[in-house]
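Have the sequence and the structure open side by side, and take the points in order.

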Amino acid sequence: MEGAAGGQAWHHQAMALPIAPPIAPMLAKLQEEIPTGEGWLYEPKWDGFRALVWRDGSSIEILSRDGRDLVRYFPELPAVFLEKLPRRCVVDGEVILAGSSGLDFDGLQMRIHPARSRVEMLASKTPASFIAFDLLAVATRDLMQRPFSERRAKLEDGLGEEARFTKNGNAEITALKGQTKVLLTPQTGNVDAARSWFKEFEAVGLDGLIAKRAEGPYVPGKRVMVKIKHQRTADCVVGGYRLSKAGDGIGSLLLGVYDDGGELQYVGHTSSFKAPERRALLKQLRALEGGPSFGAGRAPGGPSRWAGMRDSSWVSVKPELVCEVSFDYMQGHRFRHAATFIRWRTDKKPKECRFDQFSRPPRR
């Protein structure tokens, strides 16, 4: 098979690595303050698609956090993995796309397209890169139970000096535009340096910080890391909508997350859309009407003494769309005020939107 960027041949075949795909990536829990004290290591939080990479000789596999085959959408990556990664390894990292002013998440989402010809065109015009931040296996060794500090050291050795960022990180990120590279995420054990990164890297679109325990093993699917973001955000499922006053568009999207029992629980709404977006959203949601959504969990309320006689009826939709919103804080089991829409998350499954993404999951 040919890589779209550069034409280097690579082969996807059976692998003999100590860790077989797929596995769930290790996750992080949102926290307001940067954790301090002995044993914490800090890294920038990248804004891209989480990806696990398997390499066994000339065979490459790239899977998203939901198990999607990313080779299909990023055909330029296998060639650079064959050149830069250890010959036999499993690496955790982030697929990113750099634009003129920093990371371009919207451009990254455009790569998830059904037409191969369009994907290959975008791979040529707007190539992606890969930021490596953990090593799960190398050669015949499964490293997941080894301390993170040891895994990091082996990752540094495997990628070499040329994969490191210099002190001018912002300039290096914007310089990635039009290139495909494998880079090692910066790391520090100094909390003051981490605080500096938290401010510095925001200018080029990074989300905040990730804090990891130096002695920690790799725990697939568990929120054992800590993430500190520039704003409180949550990934929510659209479970319904209310019409606008004019009736020709949506007034608000009704948002939910799943509890431990697998029930979608209403947590609030977002209405931060312009008039053309409201009309377009209504057309999109019409096709999903009638789904169970909040049927077995907390649902949006009807008229209240605060709303007076204002129409509070809502339309249920199939819980298929995921969006990221920002919010001020949680009061009990829901957002205290209306959330602000940030973007759609086509890379996440609805069932991944759970209460455990908050630092203190509300009680039922």
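This is a predicted model: local features need pLDDT of at least 70, side-chain atom pairs count only at pLDDT 80 or more; totals for chains, interfaces and linings use all residues.

Which residues does T185 touch, not counting residues up to four places away in sequence? Point 1 takes this up.

1. T185 sits in the loop that runs between strand 10 (182-184) and helix 6 (191-200). Leaving aside residues up to four places away in sequence, T185 touches E43, P44, W46, I131, A132, F133 and R152. With a relative accessible area of 0%, T185 is buried, because anything under 20% counts as such.

2. Next, please step back to the whole chain. The protein chain has seven helices and 20 strands. Along the principal axes, its C-alpha atoms fill a box of roughly 65 × 50 × 40 Å. For 364 residues, a compact globule would have a radius of gyration near 21 Å, and the protein chain, at 22 Å, agrees with that.

3. Among contacts in the protein chain with a separation of 6 or more, 74% come from residues 24 or more positions apart.

4. As for charge, the protein chain carries 54 positive and 44 negative side chains. The centres of these two sets lie 5 Å apart.

5. A word on confidence before you read further details. The mean pLDDT of the protein chain is 89, and 91% of its residues reach 70 or more. Two stretches deserve a mention here. Over residues 1-9 the pLDDT stays under 50, and the model has 20 contacts beyond four places in sequence for this stretch. Residues 302-310 also have a pLDDT below 50, with four contacts in the model beyond near neighbours in sequence.

6. L70 has a relative accessible area of 2%, so it is buried. Setting aside residues up to four places away in sequence, L70 touches R50, A51, I62, L63, S64 and V95.

7. P21 and P22 are joined by a cis peptide bond, with omega at about -5 degrees. P22 is found in the segment before strand 1 (27-30).

8. Where do you find a positive phi in a residue that is not a glycine? A139 is one case, with a phi of about 55 degrees. A139 belongs to the loop between strand 8 (129-138) and strand 9 (141-142). Its relative accessibility is 36%, so A139 counts as partly exposed.

9. S293 also has a positive phi, of about 35 degrees, although it is not a glycine. You will find S293 in the loop between helix 7 (275-286) and strand 16 (315-316). At 9% relative accessibility, S293 counts as buried, whereas A139 counts as partly exposed.

Conventions
Residues are numbered from 1 along each chain as its sequence is written. Side-chain values use heavy atoms; hydrogens and water are left out. Helices (H or I, at least four residues) and strands (E, at least two) are DSSP runs, numbered from the N terminus. The radius of gyration is taken over C-alpha atoms; the globule rule is 2.2 Å times the number of residues to the power 0.38. Contact means heavy atoms within 4.5 Å. Lys and Arg count as positive and Asp and Glu as negative; His and the chain ends are not counted. The place of a charge is taken as NZ of Lys, CZ of Arg, CG of Asp or CD of Glu. pLDDT is the predictor's confidence in each residue, from 0 to 100. Buried means under 20% relative accessible area, exposed over 50%, partly exposed in between (1.4 Å probe, protein chains only).
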